[in-house]
Amino acid sequence: MATTTHLDIVSAEREIFSGPVEVVFAPALEGEVGIYPRHTAMITTLRPGEVRAVHEGGEEEAFFVSGGILEVQPHVVTVLSDTALRAEDVDEAAALAAKEQAEQTLADRQTDIDFAAARAELAEAMAQLQAIQRLRRRTGRA
């Protein structure tokens with residue numbers, strides 16, 4: 001029986017990761033899903049958040065996705081996202097600035113803005129900041 005599955009994480013710009021993993025955790029709209037080898041085929045929408053891959057031996061690697069699609073086949077898991085980054089590559093200062101800008105836009109009700117777009121930007125910035133915090137907790141950095 002297979003002990004790994006192949007994971008591909010692809011952004012609009014490039015392939016972020018491709019290789020064997022024991023398990024994948026992803027932020028589906030309905031809640032976090034865990035995908036093990038030989039999982040039933042499925043397709044689901046992802047919300048902004050952290051995709052975690054557990055490698056053979058238990059080492060965990062984290063990636064930030066801005067949302068997207070998760071496709072699961074028995075031996076291959078594919079994550080397609082407009083933006084995907086390794087968690088350590090997420091720019092905390094840019095995420096904080098984006099969060100503050102989105103909050104300010106939502107608070108300023110006198111401008112002609114797209115509230116759905118502002119809420120989406122806020123959700124993405126918050127997800128980036130949460131990914132940074134989780135990475136810091138795992139690596140012991142404050």
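Colleague: Why is E61 called buried?

Modeller: E61 has a relative accessibility of 18%, and buried means under 20% relative accessible area with a 1.4 Å probe, counting protein chains only, so E61 counts as buried. This is a predicted model, in which local features need pLDDT of at least 70 and side-chain atom pairs count only at pLDDT 80 or more, while totals for chains, interfaces and linings use all residues. Residues are numbered from 1 along each chain as its sequence is written, and side-chain values use heavy atoms, leaving out hydrogens and water.

Colleague: Where is the place of E61?

Modeller: E61 lies in strand β7, residues 60–65; strands are DSSP runs of E, at least two residues long, numbered from the N terminus.

Colleague: What makes a polar contact between the side chains of E61 and H55?

Modeller: The distance is 2.9 Å. A polar contact is a pair of N or O atoms within 3.5 Å; within protein, one must be able to donate a hydrogen and the other to accept it, and residues adjacent in sequence count only if both atoms are side-chain atoms. The pair of side chains is therefore listed as a polar contact.

Colleague: Which residues does E61 touch, not counting those up to four places away in sequence?

Modeller: They are F17, V51, R52, A53, H55 and R86, where contact means heavy atoms within 4.5 Å.

Colleague: Is I43 buried or exposed?

Modeller: I43, in strand β5 (residues 42–46), has a relative accessible area of 60%. Exposed means over 50%, so I43 is exposed.

Technical notes. Helices (H or I, at least four residues) and strands (E, at least two) are DSSP runs, numbered from the N terminus.
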